[in-house]
Amino acid sequence: MLLNELSAVSPIDGRYRSKTTSLAPFFSEEALIKYRVRVEIEYFIALCEIPLPQLAAFDTKLFKDLRNIYLNFGSEDAQAIKDIEKITNHDVKAVEYFIKKKFDGLKLDSFKEFIHFGLTSQDINNTAIPLSLKEAMNEVYVPQYLEVLHRLQELALEWASVPMLARTHGQPASPTRLGKEIDVFVVRLKEQFNLLNDIPSASKFGGATGNYNAHQVAYPDVDWRVFGEQFVQEKLGLYHSFPTTQIEHYDHMAALFDTLKRINTILLDLDRDVWTYVSMDYFKQKIKKGEVGSSAMPHKVNPIDFENSEGNLGMANAIFEHLSAKLPVSRLQRDLTDSTVLRNIGVPLAHTLIAFQSTVKGLNKLVLNAEKFAEDLENNWAVVAEAIQTILRREAYPDPYEALKGLTRTNEKITRKTLSDFIDTLQVSDAVKKELKGISPHNYTGV
């Protein structure tokens, strides 16, 4: 069976392929190989720039040719490395051998033993993967996150003056405004995004056990710690973790995944709220010709976009949870469990992107049902009791809470007339009575 959207095991590469293709240049097998080649080439160039004595004669004009090895890297190159891996049974060593062949083609064979010089595979993996993650976040995740945020900001502004009956514990409560309730999610998302921006994209680079042993024994006069820091931070644009074991400790990556999980949780909360508002008939949904809501009930227009988003956010968070809990834990100086787990970091991001797109699609289909908002408010005059008893407290009226409790905490319907008649019985000035009668569920919405 050929691998395509119909035969893929994972829905992110099958059913939802069109929504996740933007991640392929960062998290596919080919992408990982390309990032490894990029790090190896930049490392060789950095050694030339020290320069090491044996590399002092290297023509710096050839740096462009070296960089073209990864800049022009394609599927055929990735397959060539995979073919080498079939023999080496080691993915990073296969990259080294591939680059050495490229050096042969450029007649640079006398320099090729400085490819992967003094390194362990994790010096490549723990720079390539954080680099791919950082660039995927900037180029793919952030634009899609901002699309969700901006749409919510637009709706918060559009619905800023729409009064709405609030519900606490599922019961009618002091009225609010629809735009403000959307703005709650806007602010929550912004605050978590600010935390996200504070997390470094950290990388390990320091040899077999993090001490530059091989580098130091070969060239003791070079300050390898300074070299490593400059290479990682200035050449690759990452944060250099030091000291480390053979691998990056992944604490910062775990923090990133935990923050992404919190952003997803906020959106999941939004999805459920909007779903509930749809079920309450606060929103209608735009109807698209030809679409079917239910295979049995022709009238149905289901809030499937919010349901799809919620499901994918749950999948994403389950994987983020495992990544953030597992990656910082490694036996002694390292075990291999991080390697196989890291190959999956694109998966929760893919589910997240699917969710983002579904949420935006759902928001764009909402049609405000203003009549239902007004009807709910009109049917719940009891919520004004809070306002009345608070003003009576201000006026030093005796036991105002208890008076309103006796009036409203019954199974009888409270109406405008019920409250008006009650206000007429109060021993307060006519001005206060007028003030109290001016309050309604439609205007009692706070600041």
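Predicted model: local features only at pLDDT ≥ 70, side-chain atom pairs only at ≥ 80, totals over all residues.

Me: Are H7 and H14 roughly parallel or roughly antiparallel?

Reply: Helix H7 covers residues 121-158 and helix H14 covers residues 346-364. Their axes come within 10 Å and cross at roughly 20°. Angles under 35 degrees count as roughly parallel. The relation of H7 to H14 is therefore roughly parallel.

Me: How many nonpolar residues are in the contact of H7 with H14?

Reply: On the H7 side the contact includes Leu133, Met137, Val140 and Tyr141, and on the H14 side it includes Leu349, Leu353, Phe356 and Val360. By class, four residues of this contact are polar, two are charged, and the nonpolar ones number 13.

Me: Are H7 and H8 roughly parallel or roughly antiparallel?

Reply: Helix H8 spans residues 178-197, and its axis lies 8 Å from that of H7. The two helices pack at an angle of about 155°. Angles over 145 degrees count as roughly antiparallel. H7 and H8 are therefore roughly antiparallel.

Me: What is the handedness of the crossing where H7 passes H8?

Reply: The residues that meet here include Tyr145, Leu149 and Leu152 in H7, and Ile182, Val186 and Leu189 in H8. The contact divides into 12 nonpolar, two polar and two charged residues. The crossing of H7 and H8 is left-handed.

Me: Which residue in the hairpin of S1 and S2 takes a positive phi?

Reply: Strand S1 (residues 163-168) and strand S2 (residues 171-177) pair in the antiparallel sense over five bridges. Pro163 has Arg177 in S2 as its bridge partner. Two residues lie between the strands, and the residue with a positive phi near 60° is His169.

Me: Is Ser358 buried or exposed?

Reply: Ser358 is found in helix H14. Beyond its neighbours within four places in sequence, Ser358 is in contact with Asp305, Asn308 and Ser309. Its relative accessible area is 5%. Buried means under 20%, so Ser358 is buried.

Me: How far apart in space are Gly118 and Ser10, C-alpha to C-alpha?

Reply: Gly118 lies in the loop between helix H6 (91-105) and H7. Not counting residues up to four places away in sequence, Gly118 touches Gly207, Ala214 and His215. Gly118 and Ser10 are 108 residues apart in sequence, and their C-alpha to C-alpha distance is 39 Å.

Terms used:
Residues numbered from 1 in each chain as written. Heavy atoms only, no water. Axes fitted to C-alpha atoms, helices over the stretch in contact; angles between N-to-C directions. Helix = DSSP H or I, 4+ residues; strand = E, 2+ residues; numbered from the N terminus. Parallel < 35°, antiparallel > 145°, perpendicular 65-115°, else oblique. Contact = heavy atoms within 4.5 Å. Nonpolar A, V, L, I, M, F, W, Y, C, P; charged D, E, K, R; others polar. Buried < 20%, exposed > 50% of the residue type's maximum accessible area, 1.4 Å probe, protein only. Pairing = 2+ DSSP bridges. Left-handed = near helix turned anticlockwise from the far one by under 90°.
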